[in-house]
Amino acid sequence: DPQYVTTRYTRRLMSNLCDSTAPCHVYLTAADSTADSMFVNFQTGPPSMQEPRVVFDIASRRNASQLSAYAFHTAGSTFEYKSLDIMRGIHWVLLSGLQPDTVYYFRAGTGDDFAHYSAEKSFRTLPSSGPVTVVAGGDMCVNEMAKKVERVAAAQNPALDLIGGDITYGNSMHSCYRLWDQWLIDYELNMVTPAGHMIPMLMSIGNHEAGGYDKKYENIAFYMSWFPQQTSVASSPVTSRDSYHAHRISDKTVLLSLDSGIGSKSFSDQTDWVTQQFADASSLPNKLVMYHVPMYPSYRSFSDWLSSDLRDEWLPIFDANHVALAFENHDHMYKRTFPLRSGQISTNGTVYVGDGAWGVVPRSHANPANSWYLANSQPVNFVFRVDIGTTNTTLTAIGQDGVAFDTFVVPFYSN
């Protein structure tokens, strides 16, 4: 007969990370408009019945002892997370109407008691025009390699971190909440710019967030409820959130974060949405997409069922709208394709990059059958530095040692 093992007893022997009304995690997620909005997220345990709030200012109030020292106060929303042996308050506050390219100092907490708030932290909004630097990667894990690559990524002084899924490998198991706790602890410690500012996340969902494919949103633990990324549902229940969303970056770029068959919403629903988003951003010359499962895999077969379905649904739309870059993940290697259009190498095509090897053990080699579209593939842990300029985007692949090993330029689309 099968034997079952539970870690519930040993989890209970461990100290409770969130054992006070002061926040135990504070982290940022990107809103639709990255130049003037930001989600501040924090957690408390046990859940506080008092209103979640962020106090903030354009000058540091680090030595203040009263919340009133901060010029601005914004209230937020709360989700009460109950599962197994934990009960926790998940709070999010949307800060809107911010000034572009400006440093904000803040504390997050609940109610009016200063002791229930975090230490002062800071972030910088993205610029509304001109160049901007972000980093990108996926398939992170909770291990020493992931932390090492985080430090390499933070050293690039990025305005934003594009995370393409498979973050903790918790597989939507409620018992794996400590994996998410540790990942957030590591992220908060390592993903800080040289100037000491927090780096916001912009995420796409992976199969190891959902525990598979075609999963109902309400059955996906942690990811859907802990990481808001849509302004339109900022004050709505977490069940209102979608697993795909659009973001404006500077004045020339739109990034669509897509769901590559992980959630249960049909491809056709999402395809209509993608078409509309590109129509709304038709005047922008730099269109980027990010998702987890690759359309052009480095390791898996080109005829993989999900990659094939994605190409059938999305490739015509990407081609019609002149998508410049597609950030893919899932295959645990470094990959850069030749520019591709209509399934062929083309000067004016989309470059597909990936394939998710932030902290996982890389695959040993690429699939030789895929060599016709692979311009570069290597079994290395890495992160992308993405320098979005005014006429092109420069991507630099940087290894765990901080040394760049591939650099290329992708021009903006020009009629």
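The structure holds twelve salt bridges, a salt bridge being a side-chain nitrogen of Lys or Arg within 4 Å of a carboxyl oxygen of Asp or Glu. This is a predicted model, where local features need pLDDT of at least 70 and side-chain atom pairs count only at pLDDT 80 or more, while totals for chains, interfaces and linings use all residues. Residues are numbered from 1 along each chain as its sequence is written, and side-chain values use heavy atoms, with hydrogens and water left out.

**Exercise 1. Find the partner of aspartate 112 in a salt bridge, and say where the two residues sit.**

Step 1: The partner is arginine 53, and the closest N and O atoms are 2.7 Å apart.

Step 2: This pair links distant parts of the chain, with aspartate 112 in the loop between β7 (103-110) and β8 (121-124) and arginine 53 in strand β3 (residues 52-57), 59 residues apart. Strands here are DSSP runs (E, at least two residues), numbered from the N terminus.

Step 3: Now check the cover. Buried means under 20% relative accessible area, exposed over 50%, and partly exposed in between (1.4 Å probe, protein chains only). Aspartate 112 has 60%, so it is exposed; arginine 53 has 15%, so it counts as buried.

**Exercise 2. Work out which strands flank β22, and how they pair with it.**

Step 1: Start with β22 itself, residues 392-399: six of its eight residues are buried, so the strand is mostly covered.

Step 2: On one side, β21 (residues 382-388) pairs with β22 in the antiparallel sense over seven bridges. Two strands pair if DSSP finds at least two bridges between them. A hairpin of three residues joins β21 to β22.

Step 3: Pick out a bridge here: arginine 385 has threonine 396 in β22 as its partner. Arginine 385 also makes a salt bridge with aspartate 387, with 2.9 Å between the closest N and O atoms. Both ends are partly exposed, arginine 385 at 25% and aspartate 387 at 22%.

Step 4: Then comes β23 (residues 404-411), which is antiparallel to β22, again over seven bridges. This hairpin has four residues between its strands, and glycine 402 in the turn has a positive phi of about 85°.

**Exercise 3. Follow aspartate 406 from its bridge partner to its salt bridge.**

Step 1: Aspartate 406, in β23, is the bridge partner of alanine 397.

Step 2: Its side chain meets that of arginine 336 in a salt bridge (2.9 Å, N to O). Aspartate 406 lies in β23 and arginine 336 in β16, so the pair ties together parts that are 70 residues apart in sequence.

Step 3: Aspartate 406 is buried at 8%, and arginine 336 counts as buried at 17%.

**Exercise 4. Which strand gives the most to the lining of the largest pocket?**

Step 1: Recall what counts. On a 1 Å grid over the protein atoms alone, a pocket is an open set of points with protein on both sides within 12 Å along at least five of seven lines, and a 1.4 Å probe fits but cannot get out of a cavity; lining residues have an atom within 4 Å of a point.

Step 2: The largest pocket has 19 lining residues, and nearest its centre lie Thr347, Asn348, Gly349, Val410 and Pro411.

Step 3: β16 (334-337) and β23 each supply at least two residues of this lining. β23 gives the most, with four residues.
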